[in-house]
Amino acid sequence: MVNIHDQHSPHPSFWKRCFHTIIHKIIQTRCLGCDAPLGRVRNDTSAHARLCATCQTRLAPRVFGFCPVCGQLEPEEHLSPIRRCPICREQPPACAKLFFYGCYDDLIRDHILRFKFSGDLSSGRLLGQLMTTAWLSRHNDETPDLLVPIPLHDTRLRFRGFNQSVELCRYIRSPLGLPFSSSALLRIRNTTPQSRLAAPQRHTNLLGAFRADSSQISGKIILLIDDVATTNSTLNEAARTLIEAGALRVLALVAAKAK
């Protein structure tokens, strides 16, 4: 019998590797923002290196004009320094510091919606890279021990099919060099979606909605992960729950901050 996989015939795994290499090259040479061809790309894995010139402009990070604690945005970015807002000066929130890449508008908003409601993995990959950029450029001496995604209630999870915050953790855990746990914080009450509520109702809507596992978070600095922050009610209630369960300090990282 003739062995079709003799030394002169490439093993099937060889062709498989070739196929994945070609696909990888195709993916890596297209803009992550609009999918336009980029041509030859440098060996640079940063988010901006994978964007066309137009998308680099549309996905520019927010550099000035926000509160470094809660992320509240000032009307004029370039005319306002980074300074604590009056509310955070008077009463610091449970979430000690919010890190975000940009404002919730234009292209970043489009990608958040595509990822969250359509399961677009390329959008998720882009958001993960933007969040990584935001953290690495602003975290200073903050040293979290664990990534914790904002959880969905089981009912919502079954309806949507996945938790976008968990997937974002998967994208950013390696470049941040941090482990993550999707069981350290659970949502035990099926609340009305925050997007349907006015700002005053958002805080009361989440009271008692979370439960934390003390064995996983006690004495640790936690970095909460979500896609977008609006009033910060979800992040602050999650942070309060984690601190009551023994967390030392709670920070948060999101792709975008809503105005």
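Figure 1. At 36% relative accessibility, Asp 106 counts as partly exposed, a class that lies between buried (under 20% relative accessible area) and exposed (over 50%), as judged with a 1.4 Å probe and the protein chains only. The model shown here is predicted, and local features need pLDDT of at least 70, side-chain atom pairs count only at pLDDT 80 or more, and totals for chains, interfaces and linings use all residues. Residues are numbered from 1 along each chain as its sequence is written, and side-chain values use heavy atoms, with hydrogens and water left out. Asp 106 belongs to helix 4 (residues 106-118), where helices (H or I, at least four residues) and strands (E, at least two) are DSSP runs numbered from the N terminus. Although Asp 106 is not a glycine, its phi is positive, at about 50 degrees. Most residues other than glycine have a negative phi.

**Figure 2. The chain as a whole.** The chain contains 10 helices and seven strands, and 44% of its 259 residues count as buried. Among contacts (heavy atoms within 4.5 Å) between residues at least 6 apart in sequence, 69% join residues at least 24 apart.

**Figure 3. The surroundings of Asp 227.** Asp 227 sits in the loop between strand 5 (221-225) and strand 6 (228-229), and because its relative accessibility is 2%, this residue counts as buried. Its side chain and that of Lys 116 are joined by a polar contact of 3.4 Å; such a contact is a pair of N or O atoms within 3.5 Å, of which, within protein, one must be able to donate a hydrogen and the other to accept it, while residues adjacent in sequence count only if both atoms are side-chain atoms. When neighbours within four places in sequence are left aside, the residues in contact with Asp 227 include Ile 112, Gln 164, Leu 168 and Val 254.

**Figure 4. The ring pair of Phe 66 and Phe 100.** Three aromatic pairs are counted under a rule by which rings of Phe, Tyr and Trp (its six-membered ring) pair if their centres lie within 6.5 Å, with planes under 30 degrees apart counted as stacked, over 60 as edge-to-face and the rest as tilted. The ring centres of Phe 66 and Phe 100 are 5.1 Å apart and their planes stand at 75 degrees, so this pair is edge-to-face. Because Phe 66 lies in the loop between helix 2 (53-58) and helix 3 (86-90) and Phe 100 in strand 1 (residues 97-103), the pair ties together parts that are 34 residues apart in sequence. Phe 66 and Phe 100 are both buried.

**Figure 5. Helix 10 and the residues at its ends.** Asn 232, in the loop between strand 6 and helix 10, is a residue other than glycine with a positive phi, near 70 degrees, and is buried, with a relative accessible area of 10%. The buried residues of helix 10 (residues 233-244) include Ser 233, Leu 235, Ala 238 and Leu 242. Just after this helix, Gly 246 takes a positive phi of about 115 degrees.

**Figure 6. Leu 242 within helix 10.** Leu 242 is placed in helix 10 and, at 0% relative accessibility, counts as buried. Its C-alpha atom is separated by 7.3 Å from that of Ile 217, a residue 25 places away along the chain. Apart from neighbours within four places in sequence, Leu 242 is in contact with several residues, among them Ala 184, Ile 217, Leu 224 and Val 250.

Key
The expected span of a helix is 1.5 Å times one less than its number of residues.
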